[in-house]
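Please look at the sequence and the model first.

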Amino acid sequence: ATSEKLVLSERHGPVLVLTLNRPKALNALSSPLFGELNKEFDAAQRDDAVRAVVLTGGEKVFAAGADIKEMKDKTLAQSYKENYLASWAKITDFTKPVVGAVNGYALGGGCELAMMCDILLASPTATFGQPEITLGILPGAGGTQRLTHLVGKARAMDIVLTGRKVKADEAERIGLVSRIVQGDGKECVAEAVKVATLIAGYGGIAVQAAKEAVNAANNLPLNEGLRLERRLFHAMFGTADQKEGMAAFAEKRKPSFSHL
Ligand code: CAA
C-alpha cells in the first residue's frame, strides 16, 4: 500500500533510529524510499534534540541495491536530465554522526549507502558487494570512489570488476566495516544504538568538528587537511564544552556537556 512508510523512525533519547522498510523487495532503494530517507535526515538535522542517527535495514537485509525494476527502462536522456542518484548524496551533508548497522545483504546501492555512514557495524550475516557489473552497468553512488578510499585500488577493482560478494569477516579485514558485532541482527542494531548514545553524550560541536575533519582526509591534500584540523582544534577553545570537559577532568568529575 502506498501509505506504508518506507523508512521507519524511532527515538531512543538523543538517538534517532531509521530503519529501511521495504522488506518484500529486500529494501531495494527506490526513489520514493530515498525521498523519505532524505526527509528524515533533513528533519534530524534541524532537530537539536537528535544528536546521532542509527541507520539500519532490519534483521535480514540492509538493502539489495538501487531498484532495478525502476531503473530498467530509463534512457540516457532521462537519467541525465533528472541527475539520477545525485539526491542520494544529500545524506553526506548531514553533520551529526551516523552509525550504520548492516545485517544480511548490502549490495550495490545498499553497499554504497552503508559506506556513507560514519561508523559501520555489521553482524556475521552481513554480505557486501558491488554487483552492478553483472547488470551491464557500473556503481553510480560512490561504489568506485568511497570503496577505493576505504579498501584501496587492488581490492576495489577485485570487488567492482568481478561483482563478487564480500562476507562480513572479509569486510572487516579489508576495512570496509568498523567492526563485527557477534550475535543476531538485533544485537548489531542494539550495539549501534549504544555507540550512537555514547557519542551523543559528548560535546556536539566537538563531535561535528571531528566528523568534518576525518571526512576532509579523503578530499584534501595532507597539508590542507592538517591545517583544517588545527583550525577546528583552535575553534574548540571558543566552546563551553571545552571549558566544561577540561574543568571536569581537573576536578575529577564527569563532564556535563551543553553542546554549546
Ligand atoms: N531492485 C528491485 N527489486 C529487487 C532488488 C533490487 N535491487 N533486489 C531484490 N529485489 C526483489 C526481487 O525482484 C524479488 O521480488 P519478487 O518477489 O517480486 O520477485 C524480491 O526482491 C526478493 O528477491 P529474490 O527473490 O531475488 O531473493 P533471493 O534471496 O533469491 O536473492 C539477492 C537475494 C541475491 C540479493 C538478489 O535479490 C539480488 O541479486 N538482487 C539484486 C542485487 C543487485 O544487483 N544490486 C545492485 C543494483 S544496481 C545499483 O545499486 C546501482 C547503484 O550503484 C546505485
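## Basis

The structure is a predicted model. Distances, angles and areas are therefore values computed from that prediction.

Six strands form an open sheet in the order 1-2-3-5-7-10, and their pairing is mixed. Strand 1 and strand 10 are the edge strands. Each of these two has a single partner strand, so one side of each has no neighbour in the sheet.

Within the sheet, strand 2, residues 15-20, pairs with strand 3 in the parallel sense. Five bridges make up this pairing. Leu 18 has Leu 55 of strand 3 opposite it.

## Helix 6 and its two sides

Which residues of helix 6 are buried? Helix 6 covers residues 153-162, and its buried residues are Ala 156, Ile 159 and Val 160. Viewed down the axis of helix 6, these buried residues fall within an arc of 90°, so they line one face of the helix. They pack against helix 5 (146-151) and against strand 9 (166-167).

The face of helix 6 turned away from the buried side carries Ala 154 and Leu 161, which are exposed. After helix 6 comes Gly 163, which has a positive phi, near 75°.

## Salt bridges

Side chains of opposite charge can pair when their charged atoms come close. The count for this model is 13 salt bridges.

One of the salt bridges joins the side chains of Arg 11 and Asp 47, with 3.7 Å from N to O. Arg 11 belongs to strand 1 (residues 7-12), while Asp 47 is in the loop between helix 1 (31-46) and strand 3 (52-56), so the pair ties together parts that are 36 residues apart in sequence. Is Arg 11 buried, exposed or partly exposed? Arg 11 counts as partly exposed because its relative accessibility is 40%. Asp 47 is also partly exposed, at 31% relative accessibility.

Another salt bridge is formed by Arg 179 and Glu 191, whose closest N and O atoms are 3.2 Å apart. Arg 179 lies in strand 10 (residues 179-180) and Glu 191 in helix 8 (residues 185-200), so named parts of the chain 12 residues apart are linked. Arg 179 is partly exposed, with a relative accessibility of 35%.Salt bridges that share partners also join Asp 158, Arg 164 and Glu 170 into one network. Within this group, the side chains of Arg 164 and Glu 170 meet at 2.8 Å, N to O. Arg 164 is partly exposed, at 28% relative accessibility. Glu 170 is buried, with a relative accessible area of 17%, which is under the 20% limit for a buried residue.

## A nonpolar patch on the surface

Which residues form a nonpolar patch on the surface? The patch is made of Ile 68, Leu 135 and Ile 137. Together they have about 250 Å² of accessible area.

Leu 135 is placed in the loop between strand 8 (127-129) and helix 5. Its relative accessible area is 46%, and Leu 135 is partly exposed. Helix 5 is also one of the elements against which the buried residues of helix 6 pack.

Methods:
Residues are numbered from 1 along each chain as its sequence is written. This is a predicted model: local features need pLDDT of at least 70, side-chain atom pairs count only at pLDDT 80 or more; totals for chains, interfaces and linings use all residues. Side-chain values use heavy atoms; hydrogens and water are left out. Buried means under 20% relative accessible area, exposed over 50%, partly exposed in between (1.4 Å probe, protein chains only). Helices (H or I, at least four residues) and strands (E, at least two) are DSSP runs, numbered from the N terminus. The arc is that of the directions from the helix axis to the C-beta atoms. Contact means heavy atoms within 4.5 Å. Patches are made of residues with over 30% relative accessible area and no salt bridge: like charges are joined within 9 Å, nonpolar side chains (Val, Leu, Ile, Met, Phe, Trp, Tyr) within 5 Å. Accessible areas come from the Shrake-Rupley method with a 1.4 Å probe; for residues, only the protein chains shown count as cover. A salt bridge is a side-chain nitrogen of Lys or Arg within 4 Å of a carboxyl oxygen of Asp or Glu. Two strands pair if DSSP finds at least two bridges between them.
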